[in-house]
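I opened this notebook to record what I looked up in one model. The entries follow the order in which I made them.

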Amino acid sequence: MSSEVVEILSAEELRRTLNRLASQVVEKAGDLTQLVLLGIYTRGVPLAQLLARQIEILEAVIVPVGALDITFYRDDLDQIGLRTPAKTDIPFDLAGKTVVLVDDVIYKGRTIRAALNAVNDYGRPEIIRLVVLVDRGHRDLPIHPDFVGKTLPTAKEETVKVYLQDVDGRDAVELTR
């Protein structure tokens, strides 16, 4: 049986979605000098950078961006397989900050649970919020994003793939059935 690929967000729709998400983060953040973005490897890192650029355009404030590798914090390594860890890079103190975790797709919630555990090893933020580009449902854990680009009900056997210009040479979100 062959698979069908459906474009969920075009490059233009992805750009608009990121603009909206950046505006929502700014609106909810309060003091922008206390705001930091932490992208979760892999696609969350460039998404966090894109959001930071958009916030800078909107508010003329440079928001620090870090990169978080949650590989060794996962509780399902036996199911997903060990991959080569990336380097966590958090070049700022998290204490007292508004930390916004950024990820491309939320599914079962295990990546976010692992990210929350990892953040605790780097400091105690005042608050942690979550931005995801796509929420595809099927949560195993009681984790809900604060900001969602696109809610996309999916079947468990379907996959959602985010493509970003800086990584993949194009911007798009696709669903494979």
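I count a contact where heavy atoms lie within 4.5 Å. The model is predicted, with local features needing pLDDT of at least 70 and side-chain atom pairs counting only at pLDDT 80 or more, while totals for chains, interfaces and linings use all residues. Residues are numbered from 1 along each chain as its sequence is written, and side-chain values use heavy atoms, with hydrogens and water left out.

Entry on Leu37. I listed its contacts, leaving aside residues up to four places away in sequence: Leu37 touches Ala48, Leu51, Ala52, Val63, Pro64, Val65, Gly66, Phe92, Val100 and Val102.

Entry on the cores. I took a nonpolar core as a set of buried Ala, Val, Leu, Ile, Met, Phe, Trp, Tyr and Cys residues joined through side-chain atoms within 4.5 Å. Buried means under 20% relative accessible area, exposed over 50%, and partly exposed in between, with a 1.4 Å probe and protein chains only. Helices (H or I, at least four residues) and strands (E, at least two) are DSSP runs, numbered from the N terminus. The largest core has 31 residues, of which Leu35, Leu37, Leu51, Leu133 and Val173 touch the most other members. Elements that each supply at least two residues include strand 1 (5-9), helix 2 (44-59) and strand 8 (172-176). Helix 1 gives the largest share, seven residues. Another core, of 19 residues, lies apart from it, and Val36, Leu94, Ala114 and Ala115 are among its members.

Entry on the sheet. I called two strands paired if DSSP finds at least two bridges between them. Five strands form an open sheet in the order 3-2-4-5-6, with parallel pairing. Strand 3 (65-68) and strand 6 (147-151) are the edge strands, each pairing on one side only. Axes are lines fitted to C-alpha atoms, for helices over the stretch in contact, and angles run from 0 to 180 degrees between N-to-C directions. With direction ignored, neighbouring strands of this sheet are turned by 25 degrees against each other on average.

Entry on strand 2. I asked which residues point which way from this strand. Leu35, Leu37 and Gly39 point one way, Val36, Leu38 and Ile40 the other, and all are buried. Strand 2 pairs with strand 4 in the parallel sense over five bridges, and Gly39 stands opposite Val102 there. Four bridges join strand 2 to strand 3, also in parallel, where Gly39 stands opposite Ala67.

Entry on the helices. Helix 1 lies across strand 2, strand 4, strand 5 and strand 6, at about 155 degrees to strand 6. Helix 4 (residues 110-120) packs on the sheet and touches strand 2, strand 3, strand 4 and strand 5.

Entry on Ile62. I found Ile62 in the loop between helix 2 and strand 3. Ile62 counts as exposed because its relative accessibility is 67%. Thr33 is 29 residues from Ile62 in sequence, and their C-alpha atoms are 8.5 Å apart.
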